[in-house]
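I opened the notebook on this model and went through it piece by piece. The entries follow in the order in which I looked things up.

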Amino acid sequence: MKNDSFPQRHIGITPKDACAMLDKIGVDSIEELIDCTIPANIRLESPMQLPEAMSEYEYARHITEIAAKNKIYTSYIGMGWYNTVTPAVIQRNVFENPVWYTSYTPYQAEVSQGRLEALMNFQTMVSDLTAMPLANCSLLDEATAGAEAVSMMYGLRPRDKQKAGAQVVFIDERVFPQTLAVITTRAIPQGIEIRTGNYQEFTFTPEVFGCVLQYPGGNGRVEDYAEFTRQAHEAGCKVAVAADLLALTLLVPPGEWDADIVFGTTQRMGTPMFYGGPSAAYFATRDEYKRSVPGRIIGLSKDKYGKLCYRMALQTREQHIKREKATSNICTAQALLATMAGFYAVYHGAEGIRSIATRIHSIAVLLEKEITKFGYRQTNAAYFDTLRFELPDTVTAQQIRTIALSKEVNLRYFENGDVGLSIDETTDLAAVNVLICIFSIAAEKDCPRIEAIPEASKIPGYLRRSSSFLTHEVFRSYHTETEMMRYIKRLERKDISLTHSMISLGSCTMKLNAASEMLPLSTACWMGIHPLVPEEQAAGYRELIDRLSEDLRVITGMHGVSLQPNSGAAGEYAGLRVIRSYLESIGQGHRNKVLIPASAHGTNPASAIQAGYTTVICACDAQGNVDRDDLRARAEEHRDELAALMITYPSTHGIFETDIQEICQLIHALGAQVYMDGANMNAQVGLTNPGAIGADVCHLNLHKTFASPHGGGGPGIGPICVAEHLTPFLPGHVSTGNPQNEVSAAPFGSAGILPITYGYIRLMGADGLTQATRVAILSANYLAACLQDTYGIVYRGANGFVGHEMILECRNVFQDTGISENDIAKRLMDYGYHAPTLSFPVHGTLMIEPTESESLTELDNFVSVMLHIWNEIQEVASDPTRKEDNVLINAPHPEYEIVSDTWEHTYSRTEAAYPTESVRENKFWINVARIDNTLGDRKLLPTRYGRFD
C-alpha cells in the first residue's frame, strides 16, 4: 500500500469538503454533477489507459534514471545554442522560485511591479546592446522572431511597394537554416516569396520589400553590412538582422549602421540550452514602428499620485483586442527566461559581459593560431566566437568526428566537409587543449600544451564597437551575490503569485506547479544538451518525448502528436498549417476560410489570418452557446471554400454545449476539418476528449491543463494532437531534412520543460487526472452557487450548471452604482488577490476559474472577500455621497498611502487596508496606487533611461 499519494497533495478538495460543496450546489454526488454538466454522448466509456500513478519518491527515482541516459558531451556546434553559466543566485532565486514561476502575465500592473521592472531591465539590455530605441519583452525563439520580422516588414511596406505588389523578401544564405525554415512556414500562406543568396551579389528590384541578415553569419564570419543596408533603404526596403547579443558587446551594433529590426536569442545570457529551449528571443526596432511590434512591451507610467511605475504598454496592439486585424498571434512568450537574461545583465554589468565576450573571442583567436599550424585553413577573416576550417587533403571530417566523439566533444560538420566550432562562456584552458589535441591527432601532428589564454582580437577596427552600453544604475549596483539576492527579493515582494493566494483567472488554469515536477529541471542532464547533438546522446530526452507523446495521444484520443510548438498560439498556427497541407494534398487547397465563434479567444482569428485564411465569424445565442442556425447558415454559404471550424470546448463562456458532436459532423459533411482549441482541456481530461467529440486537430496548453507554470508570461508549450489522416503533415525540422510546417527553432521546441508535464501525468495517473477534472468542475460550480444571489452568473449549461469556470455578472453593478468590473478587480488587490479575467469574453464581467488545486478554505475565503466587496458596493449604492470617494474607485491602496501623514478619504485607513480579519493576518502590501493606463501609451518609455519630465 502506498503511503504517498500525489493526487491527494495536488487536489485541494477532500471527500469531506466535497460533500459540503455538493450540498451547496444542490446535487447528491460528483457523478450527478458531471452527468448534469457534460453531455452523455461524448463521455468516455472506459478509463484512460495510462501507466499506474507513481509516488513522488518513485517518480524522483524514475526521472533520474531517464535523465541518466542523456550523455553530456561538450558541444561546440553553435548555430544559435551555446553552453553558458547560469549564475547560482539567479537559478536559485528566480528559476527555482515559485514566486517568479507561478505568477501570471502582468496585466494587473499594480501587483506585478517586480517582474515588470525585471522585464524592463531585459528591454533596456536589448536596446543598449542592439543600439535600437525600442525592444519588446521577449518572443518565443530566434526563428519565430525572424518570421515576425518578415511579417512586420511586409505590413510596413510603403505605399508604392504595396501598389507594385512587392511580395519578395531576401534571406541571406548565412542565416541559420532553422530560422529560414520557420520564416518559410510563416511566409508561404501570406503570399510572401522568399529569395536566398549571397547578399554581396543581390540586386534590389521593385518586388523586394525586405531583407534578413545574420550577424555574425551562420558560418561565423562577421561582415560589414552598412553599405548593403544603405542600398536597401535607397530601394525602399527594410533590413532585419539576426544578431548575437553577446557578440554585440564587441561588434558595431546594427542600430549604428541603420538596421530597421534586430532580433535573436538571449539564450547565452545565462539560460541553459535545455535541448533547444526554452529561452527568450528578443526583438528590437525603431520607435516609429512601435504599433507594429509583435509581443508585449513594458513601459513607464505613473500611479494616481504621480509615483513612477511600470505597466504593459500599447496593449491595444495585442491579438486579444485586434483579433483578425492583429499583426501577430503571439500571446505567451518567454517572460521567465527574459527575466533571467535581464538579471544576468544586472549581475555582470557592462564590464562583466564585455569581459566574458572578450575571453570567448580570445580563445577563438588562440585556437585559430594553434590549429592552423597543423595545416588547416580557417576561412573566416573576421569572427567573434566561431571558426570554420578547411581540412588538409590527408584529413577527413569523419576522422575528426571519430576523434572528437572519443573525447566526448561535438563539433559542427558542414556539408562541404569543413569543420566548425563555436566557443562559449564555459570554455576553459582544459577545453582549449582538448580541442587542439583533436585537430593535431587527425593531422598526425604533435599536440602542444597551452598554459594560458592571452587576450587577443581579430576584429577589424571598423567592426569594433566603441559606444557604451548598460550604463543605467541598475547595471552598476548589484555585482555581489548578497546585493543581487536582495535586489531579486525586493522585486519579488511586489508581486502576487500562487505562493500568496488563488489566482482565479478564467481560461488560464492557474493550478499548482508541484515541486516534484519542477525539481528535475535543475539537473545538468536536462539543462546541458545542445538540440543538434547525435540522437544517441539524447536518449533520455528521446525516451521522455516518446513517453509523453503517447500519454497525450491517449488523453486526447488522437493519433499523432507534435511537441514542437512552444506556445498555445504557436500550436494553433501549427494545427492550421497541418490542415492546410492536408487539404492541398487532396486537391482542396483552394479552401481558405475558417469559421470561428464570436466568443473565441483572440488568438484564434489572429492565428487563422497568419496561416493565410479568411475568417468567418458566427454568432452565439443568448445562453452563450454557438448559434447553431447561424453556424449552419455561414458554413453552407462558404461550403466550397470552408477549410475548418475553430472551436473551444467547453466554450470560452465555460459551457459544455450539448450539440458539439452534431457541429463537428456538420463541418465534416462539408469537407472541412474541426480544430479544437485546447485552452479548456482541464474540463475534459478523463471524462471526454477531442477525439471522442469529433475533432481532427487540437492543441494543448501544457502551461494550463498539464501543470507547467506560467512564469509571468512564459514559457508555455502548445503541442498539437491530430487524427490519423493529418499525422503525415505534422511539423518536421530542417536538421532531419524535413522542414515541412516547422514552427520552432528547435526540433522539439521547449523540450527542457517537458519533464514537468511528464511528471504531472506520471504522478497523477489516470484516476488522479480524472478526479482533478471532476474537482475543477465541482469547485467552479461551488463558487457559482455561492455568488449567484449577489453578482449573478452570466451563462449556464443546458441543465443549469457551469463547466470548470464561470462568468460573474458585473454589468448591473455598474449601471446601478458606477462601480465597474475594473474597480472590483483593483479592490481585490487590497484583499491580497489577483483579479479574475477582466471583461473577457464578455465586456463588463469577471471570469473565474478556481482549478482543482485550491482548498475549500481558500475557496471560502475568496467567496467571503467577494461578498465583502459586494457589501461595499451596496454601501455606495445606498449613500450617494460615497460615489465620489469610496474604497472601490480608489483601490488599490498602497502602503505609502496608508502610512502617510495625511488622509483625505471619507472612509478610514482600516477600511482601506484591513477590511477583514483574514487580511489583517496575511496582508499583501501593494507598492503603487492605481496606474494611469493612458500616460505610458501617449509617451512610450520602454527602457530604464526614460523620463516623463
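For the record, helices (H or I, at least four residues) and strands (E, at least two) are DSSP runs, numbered from the N terminus. Two strands pair if DSSP finds at least two bridges between them. Strand E20 (residues 673–678) runs parallel to E21, and four bridges join them. I then looked at E22. E21 and E22 run antiparallel, joined by three bridges. Val-697 has Val-722 as its bridge partner in E22.

Next I checked where the side chains of E21 go. Val-697 and His-699 point one way, while Cys-698 and Leu-700 point the other way. All of these are buried. I use buried for under 20% relative accessible area, exposed for over 50%, and partly exposed in between (1.4 Å probe, protein chains only).

**Entry: ground rules**

I am reading a predicted model, in which local features need pLDDT of at least 70 and side-chain atom pairs count only at pLDDT 80 or more, while totals for chains, interfaces and linings use all residues. Residues are numbered from 1 along each chain as its sequence is written, and side-chain values use heavy atoms, with hydrogens and water left out.

**Entry: the whole protein**

I counted secondary structure: 32 helices and 25 strands. The radius of gyration is 28 Å, close to the 30 Å that the globule rule gives for 949 residues, so the protein is as compact as a globular protein of that length. The radius is taken over C-alpha atoms, and the rule is 2.2 Å times the number of residues to the power 0.38. The C-alpha trace spans about 85 × 70 × 70 Å along its principal axes.

Of the 949 residues, 67% count as buried. I looked at contacts too, meaning heavy atoms within 4.5 Å. Among contacts with a separation of 6 or more, 77% are between residues 24 or more positions apart.

The protein exposes about 32,200 Å², and carbon and sulfur atoms supply 47% of this area. Areas come from the Shrake-Rupley method with a 1.4 Å probe.

**Entry: the seven-stranded sheet**

I traced an open sheet of seven strands in the order E2-E8-E7-E6-E5-E3-E4, with mixed pairing. Strand E2 (134–135) and E4 stand at the edges with a single partner strand each, so one side of each is left without a neighbour in the sheet. E2 runs antiparallel to strand E8 (residues 281–285), with two bridges between them. Leu-134 has Thr-285 as its bridge partner in E8.

**Entry: helix H10**

How many of the 11 residues of helix H10 (residues 177–187) are buried? I find eight, and the helix is mostly covered. Among the buried residues are Gln-178, Val-182, Thr-185 and Arg-186. The cover over the buried residues of H10 includes helix H8 (142–155), strand E3 (168–172) and strand E4 (193–197). It also includes strand E7 (261–265), helix H20 (568–585) and helix H21 (603–610).

I found a cis peptide bond joining Tyr-215 and Pro-216, with omega about -10 degrees. Pro-216 sits in the loop between strand E5 (208–215) and helix H11 (226–234). Another cis bond runs from Gly-714 to Pro-715, with omega near 15 degrees. Pro-715 is in the loop between strand E21 (697–700) and strand E22 (720–722), which took me back to my opening pair of strands.

I then looked at positive phi. Leu-470 is not a glycine, yet its phi is about 50 degrees. Leu-470 lies in the loop between helix H15 (429–442) and helix H16 (481–492), and is buried at 2% relative accessibility. Ser-507, also not a glycine, has a positive phi of about 70 degrees. Ser-507 lies in the loop between H16 and helix H17 (515–518). At 7% relative accessibility, Ser-507 counts as buried.

**Entry: Gly-540**

Is Gly-540 buried or exposed? Gly-540 is buried, at 0% relative accessibility. I place Gly-540 in helix H19 (residues 539–556). Leaving aside residues up to four places away in sequence, Gly-540 touches Ile-66, Lys-69, Asn-70 and Trp-526.
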